Amino acid sequence: MKVFERVLKACIGKVIRVNYGRCSGSKCQVEGVLWAFDNLCVVVGVYNQKGEIIKLVVIKKNEVESIEITDRNSIKEIHDLIVNSFRGNDEY
């Protein structure tokens with residue numbers, strides 16, 4: 001499994017910020033919960049302050065420039081999952 005896929009797999013259900021493509025001369029950005037990904041796209045759910053989903057954003061995977069993990073509580077958990085997967089532990 002490629003590094004990018006390992007990181008995405010660890011981020012499922014976590015709050016992330018995705019920087020991608022171009023919007024009026026600057027980079028586009030969306031922050032929300034990573035719902036799914038495959039070899040073509042990533043799907044991010046955007047929620048309001050009440051916790052209600054307000055939109056789903058589907059981004060072509062080849063347009064993704066970077067993904068930031070913004071949920072402080074998830075950073076350690078995701079770090080540990082990624083490190084374990086690189087050590088040859090394929091359970092994740």
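# A chat about a predicted model

User: Which residues form a nonpolar patch on the surface?
Analyst: Trp-35, Tyr-47, Ile-53 and Leu-56 do, with about 380 Å² of accessible area together. Patches are made of residues with over 30% relative accessible area and no salt bridge; like charges are joined within 9 Å, nonpolar side chains (Val, Leu, Ile, Met, Phe, Trp, Tyr) within 5 Å. Accessible areas come from the Shrake-Rupley method with a 1.4 Å probe, and for residues only the protein chains shown count as cover.

User: What should I know about the model itself?
Analyst: This is a predicted model, where local features need pLDDT of at least 70 and side-chain atom pairs count only at pLDDT 80 or more, while totals for chains, interfaces and linings use all residues. Residues are numbered from 1 along each chain as its sequence is written, and side-chain values use heavy atoms, with hydrogens and water left out.

User: Back to Trp-35. Where does it lie?
Analyst: Trp-35 lies in strand S2, residues 26-37. Helices (H or I, at least four residues) and strands (E, at least two) are DSSP runs, numbered from the N terminus.

User: Why does Trp-35 count as partly exposed?
Analyst: Because its relative accessibility is 40%. Buried means under 20% relative accessible area, exposed means over 50%, and partly exposed is in between (1.4 Å probe, protein chains only).

User: Zoom out. How many helices and strands are there?
Analyst: The protein has two helices and five strands. From the N terminus on, the order is α-β-β-β-β-β-α.

User: How much of the protein counts as buried?
Analyst: Of its 92 residues, 33%. The protein exposes about 6200 Å², and carbon and sulfur atoms supply 51% of that.

User: Which residues in the largest nonpolar core touch the most other members?
Analyst: The core has 17 residues, and Ile-16, Val-18, Tyr-20, Val-30, Leu-34, Val-42 and Ile-59 touch the most other members. A nonpolar core is a set of buried Ala, Val, Leu, Ile, Met, Phe, Trp, Tyr and Cys residues joined through side-chain atoms within 4.5 Å.

User: What does Tyr-20 touch?
Analyst: Leaving out residues up to four places away in sequence, Tyr-20 touches Lys-27, Cys-28, Gln-29, Val-30, Ile-59, Glu-63, Val-64 and Glu-65. Contact means heavy atoms within 4.5 Å.

User: New topic. How many salt bridges does the structure hold?
Analyst: Three. A salt bridge is a side-chain nitrogen of Lys or Arg within 4 Å of a carboxyl oxygen of Asp or Glu.

User: What is the partner of Lys-61?
Analyst: Glu-5, with the closest N and O atoms 2.6 Å apart. This pair links distant parts of the chain: Lys-61 sits in the loop between S4 and strand S5 (64-69), Glu-5 in helix H1, 56 residues apart.

User: Are Lys-61 and Glu-5 buried or exposed?
Analyst: Both are buried.

User: What about Glu-31 and Arg-17?
Analyst: Their side chains meet in a salt bridge at 3.1 Å, N to O. Glu-31 lies in strand S2 and Arg-17 in strand S1, so the pair ties together parts 14 residues apart in sequence.

User: And Glu-68 with Arg-17?
Analyst: Their side chains also form a salt bridge, at 2.8 Å from N to O. Glu-68 is in strand S5 and Arg-17 in strand S1, so this pair ties together parts 51 residues apart in sequence. Salt bridges that share partners join Arg-17, Glu-31 and Glu-68 into one network.

User: Which polar contacts does the side chain of Asn-19 make?
Analyst: One is with the side chain of Ser-66, at 2.8 Å. Another, of 2.9 Å, joins the side chains of Asn-19 and Glu-68. A polar contact is a pair of N or O atoms within 3.5 Å; within protein, one must be able to donate a hydrogen and the other to accept it, and residues adjacent in sequence count only if both atoms are side-chain atoms.

User: Is Asn-19 buried or exposed?
Analyst: Asn-19 counts as buried, because its relative accessibility is 9%. Asn-19 is found in strand S1, residues 15-23.

User: Last one. Where is Cys-41?
Analyst: Cys-41 is in strand S3, residues 41-47. At 18% relative accessibility, Cys-41 counts as buried. The C-alpha atoms of Cys-41 and Ile-59 are separated by 5.3 Å, though these residues are 18 apart along the chain.
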